[in-house]
Amino acid sequence: MTRTVRRNRRTRRVLQVTGASAAALLAVSACSSSDDSSSADSSASSKASASGGSDKLSGTVTVFAAASLKESFTTLGKQFEKAHPGTKVTFSFGGSDSLAASITGGAPADVFAAASPKTMKIVTDKGDASGTPATFVRNQLEIATLPGNPDKVKSLKDLTNSDLKVVLCAEEVPCGAAAQKALDASKLKLTPVSYEQDVKSALTKVELKEADAAVVYKTDVKAAGDKVEGVDFPESSDAINDYPIARLKDSENAAAAKAFIDLVRSADGQKVLTGAGFLKP
């Protein structure tokens, strides 16, 4: 074998070894890249799961709420829709007793916010609430008079004057039950010209000058602006109503219902509610 032949064979072996090494390095690199990619995907997936990306809220949330919550909940509904594009919050406002009866009668709804534990109990006793209702605000009574208070109403006792046309909420409605509790505490008897089925209806009688005064909530007097004038009375402290809220068992949008309740109870929700005159729970 000549020196030239041996040199050529040695060169081929070197090239083969070098090629094998390069191939091995490429394989290791590819595996490493694949592992990094897999790790990155796993990390991204975890982050997406943690942020609720796969649980994006959508659809309609139907809320049955006490009439006194109209202004506050309408504001919170808009905030909710803005925070969760693709959702819509619809409201049914009215007397809590009527709303509770509708729910137990099968009316479709996702959330119920009542103006008293007693009216919420109508729903929970029928097993129509999911979980335990939570108190989210409280409300206190106030006398609403005509602008400028022309009849010089200064106390609850003044409302017993037979010359005054006074309106109360019906006793089965939370604002009416609270008013009667305040009257009982002060040992007063009052015969109104009418009993209204919700607090907004009672207030409207004064706004339209169909009544001289009405016993309503502070929040309703505040919402009415200069259409009425409010008069505080000490007996109202004996008749403060707790407002409970609950998700309903047959909710068709349970995730969004829970998220709306979370907003109501959050710091942002409480800011809106206390700004409207509600008391913290």
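**Reading the sheet, the core and the disulfide**

Author: Begin with strand β10, where 6 of the 8 residues are buried, so the strand is largely enclosed by the rest of the structure. Keep in mind that this is a predicted model.

Reader: Which strands make up the open sheet, and in what order?

Author: Start with the general idea. Strands of a sheet pair through backbone hydrogen bonds, either parallel or antiparallel. Here the open sheet has 5 strands in the order β2-β1-β3-β10-β4, and the pairing is mixed. Its edge strands are β2 (87–94) and β4 (129–139), each of which pairs on one side only. From one strand to the next, the twist averages 20°.

Reader: Do β1 and β2 run parallel or antiparallel, and how many bridges join them?

Author: Strand β1 (residues 59–66) runs parallel to β2, and 8 bridges join the two.

Reader: How many bridges join β10 to β3, and how many join β10 to β4?

Author: Between β3 and β10 there are 3 bridges, and these strands run antiparallel.

Reader: Now the core. Which residues have the most contacts inside the largest nonpolar core?

Author: That core has 65 residues, and those with the most contacts inside it are L69, F73, F80, F136, L156, L159 and Y243. Helix α8 (residues 254–265) supplies the largest share of this core, 7 residues. A second, separate core has 12 residues, among them A100, F112, M120 and A129.

Reader: What is F73 in contact with, leaving aside its neighbours within four places in sequence?

Author: The partners of F73 are V63, A65, F91, F93, A113, F136, I245, F260, V264 and L273.

Reader: How many disulfides does the structure hold, and which cysteines form a disulfide?

Author: In general, a disulfide is a covalent bond between the sulfur atoms of two cysteines. This structure holds 1 disulfide. C169 and C175 form it, with their sulfur atoms 1.9 Å apart. The angle about the S-S bond is -110°, and the link of C169 and C175 is left-handed.

Reader: Are C169 and C175 buried or exposed?

Author: The cut-off for buried is under 20% relative accessible area. C169 has a relative accessible area of 1%, so it is buried. C175 is buried too, with a relative accessible area of 1%.

Reader: Let us finish with a loop residue. Where does I240 lie?

Author: I240 lies in the loop between β9 (229–231) and β10 (241–248). Its relative accessible area is 25%, so I240 is partly exposed. Not counting residues up to four places away in sequence, I240 touches R138, N139, Q140 and L279. I240 and A179 are 61 residues apart in sequence, while their C-alpha atoms are 9.6 Å apart in space.

Methods: Residues numbered from 1 in each chain as written. Predicted model: local features only at pLDDT ≥ 70, side-chain atom pairs only at ≥ 80, totals over all residues. Heavy atoms only, no water. Helix = DSSP H or I, 4+ residues; strand = E, 2+ residues; numbered from the N terminus. Buried < 20%, exposed > 50% of the residue type's maximum accessible area, 1.4 Å probe, protein only. Contact = heavy atoms within 4.5 Å. Core = buried A, V, L, I, M, F, W, Y, C linked by side-chain atoms within 4.5 Å. Disulfide = S-S within 2.5 Å. Pairing = 2+ DSSP bridges. Axes fitted to C-alpha atoms, helices over the stretch in contact; angles between N-to-C directions.
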